[in-house]
Amino acid sequence: MAKAPVLTPRADDFPRWYQDLINKAELADNGPVRGTMVIRPYGYGLWERMQAEMDARIKETGTQNAYFPLLIPQSYFAKEADHVEGFAPELAVVTHGGGKELEEPAVVRPTSEMIINDYFSKWVQSYRDLPLLINQWANVVRWELRPRLFLRTTEFLWQEGHTAHATYEEARDFAAHIQSEVYGDFIRNVLAMDFVSGRKTVKERFAGAVNTLTLESMMGDGKALQMVTSHELGQNFAKAFNTRYLSKEGKQELVWQTSWGSTTRMIGALVMTHGDDNGLRVPPRLAQIQVVVLAIKGDETVLAKVRDIGDRLKAAGLRVHVDDRTDTPFGRRAVDWELKGVPVRIEVGPRDLENGTVMLARRIPGGKEPVPLDALAALLPTVLEEDQELLLRQSRERRESRTSEVSTIEQAVEATAAGGWARIPWAELGEEGEARLAEHAVTVRCLVAEDGSVPDADDAPGNVAVVARAY
């Protein structure tokens, strides 16, 4: 009788496969309030690695971390009309505290433009105070009607950057720099994920922004996922909060602003981009455990050698975990590490030691081979880099092979229904066509220029709309 698969096969039911993997790889559980989640240690370890990589890149821009309150006076949300209209359906509002009704209800932070701008208006007085570059690592709450772990939850973790500049050009260029050199570099070179970089249409733009930049990636089922966004806010919030500075010429001027963010949604993206029917595959540069060393049996000589190998590989600069839990069957442990997507397993048994070898199991391309024990420390960095490059190449090849060039709305709908993306001239589609696509659950993910770059304007000649079904 055939053994039942550990996970629902992706080809049979992709959403069920995703839920199975989140559960069995011990990434997260559903929280007690609908739409919330408990991030388990292995899943949180992925987020910590993401945080560390992005935080370093953010700080390289001169941005500093700060923290702002979770509760925001409801009156703040009346100051910028487009912003409050965009977020109104998602707000959670606190009306009572300490057993009494509050004099003014407080909104649980859905994003921090409002409260941060209140303080920017106090902190910015002169051109010498600019640029003001602030980032916050925090949680936010947006009441989600159709929750899915990591992808859409009522509460999630994120970073949100907020900046104020003296000129439009400085703000525009900073938003673009964040998009390319912070987010783009991290997603491509750490997450090993391919993406398309473009600008959102007016309909898809962040509430209160004058332009939104986005990075869109294709998941394993051909749907799109918005990975990150970077917004040019113009002077909309500066006007609402009267955030002005005294210029070198002695004039009072409104600042120009940006905001930008990334979330724990990227863990879901990691699962859906790199996962296979055996579980997660974690890019080596991201993995909190790059190499797990497993003792096959509880032989004392084997256990001593496993620990020695672990120490030597750690000394070589690798992130290593030693699994010497010989009270748990070896096969079960191997399957668990495969589910978790650890890039390399080093399996050690009595026979291996007799031969002066270990068994090297590679999670990303698959396969096992014996490797001389003495060659291990020198070999593994090369193996891990090869596997990192393979994941990025597979991600890029998926997008390129499943993206169609089309000229009509009907062709675009057909391409997306078949599990892919479509590219259609924006001049042929326009806002009317965008509305027609929405009737088929297809959205314009972004606009790109003919050469693949980010266009300077929504209606720039030659703009192409990238359209897809999306999470």
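Student: Where is Pro131 found?

Tutor: Pro131 is in the loop between helix H4 (113-123) and strand S7 (132-141). Please bear in mind throughout that this is a predicted model.

Student: What is the peptide bond from Leu130 to Pro131, cis or trans?

Tutor: As a general idea, most peptide bonds are trans, and most residues other than glycine have a negative phi. Here the bond from Leu130 to Pro131 is cis, with omega near -5 degrees.

Student: Which residues other than glycine have a positive phi, and where are they?

Tutor: Phe150 has a phi near 70 degrees, and its place is in the loop between S7 and strand S8 (155-165). With a relative accessible area of 1%, Phe150 is buried. Ala441 has a positive phi of about 60 degrees; this residue is found in the loop between helix H13 (426-438) and strand S22 (443-448).

Student: Let us turn to charged side chains. How many salt bridges does a search of the whole structure find?

Tutor: The general idea is that side chains of opposite charge can pair when their charged atoms come close. In this model the search finds 29 salt bridges. One of them joins Lys340 to Glu26, with the closest N and O atoms 3.1 Å apart. That pair links distant parts of the chain, 314 residues apart: Lys340 is in helix H9 (residues 330-340), and Glu26 is in the loop between helix H1 (14-24) and strand S1 (28-30).

Student: What else does the charged end of Lys340 sit over?

Tutor: The charged end of Lys340 sits over the ring of Tyr42, 5.6 Å from the ring centre. A further case is Lys223, whose charged end sits over the ring of Tyr471, 5.0 Å from its centre.

Student: With which residue does Glu216 form a salt bridge?

Tutor: The partner of Glu216 is Lys200, and the closest N and O atoms are 2.9 Å apart.

Student: Which parts of the chain does the salt bridge of Arg362 and Glu386 tie together?

Tutor: The side chains of Arg362 and Glu386 meet at 3.2 Å, N to O. Arg362 lies in strand S18 (residues 357-362) and Glu386 in helix H11 (residues 376-401), so the pair ties together parts that are 24 residues apart in sequence. Arg362 is buried, with a relative accessible area of 18%, whereas Glu386 counts as partly exposed at 41%.

Student: Which residues do salt bridges that share partners join into one network?

Tutor: Arg49, Glu53, Arg57 and Asp185 are joined into one network in this way. Glu53 is buried, with a relative accessible area of 19%. Residues up to four places away in sequence not counted, Glu53 touches Phe186, Val190 and Arg285.

Student: How do the axes of helix H2 and helix H7 cross?

Tutor: Two packed helices are described by the angle between their axes and the distance between the axes. Here the axes of H2 (residues 41-60) and H7 (residues 265-274) come within 10 Å and cross at roughly 110 degrees. That makes H2 roughly perpendicular to H7. On the H2 side the contact is made by Gly43, Leu46, Trp47, Met50 and Met54; on the H7 side, by Met266, Ile267 and Leu270.

Student: Finally, how many aromatic pairs does a search of the whole structure find?

Tutor: The search finds 11 aromatic pairs. In one of them, the rings of Tyr76 and Phe241 have their centres 6.3 Å apart and their planes at 65 degrees, so the pair is edge-to-face. The two residues are 165 residues apart: Tyr76 is in the loop between strand S4 (71-73) and helix H3 (81-87), and Phe241 is in helix H6 (residues 236-241). Tyr76 counts as buried at 15% relative accessibility, and Phe241 counts as buried at 7%.

Student: Which residues do ring pairs link into a cluster?

Tutor: The cluster consists of Phe68, Tyr119, Phe120 and Trp123, linked by ring pairs.

Terms used. Residues are numbered from 1 along each chain as its sequence is written. This is a predicted model: local features need pLDDT of at least 70, side-chain atom pairs count only at pLDDT 80 or more; totals for chains, interfaces and linings use all residues. Side-chain values use heavy atoms; hydrogens and water are left out. A salt bridge is a side-chain nitrogen of Lys or Arg within 4 Å of a carboxyl oxygen of Asp or Glu. Helices (H or I, at least four residues) and strands (E, at least two) are DSSP runs, numbered from the N terminus. Buried means under 20% relative accessible area, exposed over 50%, partly exposed in between (1.4 Å probe, protein chains only). Rings of Phe, Tyr and Trp (its six-membered ring) pair if their centres lie within 6.5 Å; planes under 30 degrees apart count as stacked, over 60 as edge-to-face and the rest as tilted. A charge sits over a ring if NZ of Lys or CZ of Arg is within 6 Å of the ring centre and within 35 degrees of the ring normal. Axes are lines fitted to C-alpha atoms, for helices over the stretch in contact, and angles run from 0 to 180 degrees between N-to-C directions. Angles under 35 degrees count as roughly parallel, over 145 as roughly antiparallel, 65 to 115 as roughly perpendicular and the rest as oblique. Contact means heavy atoms within 4.5 Å.
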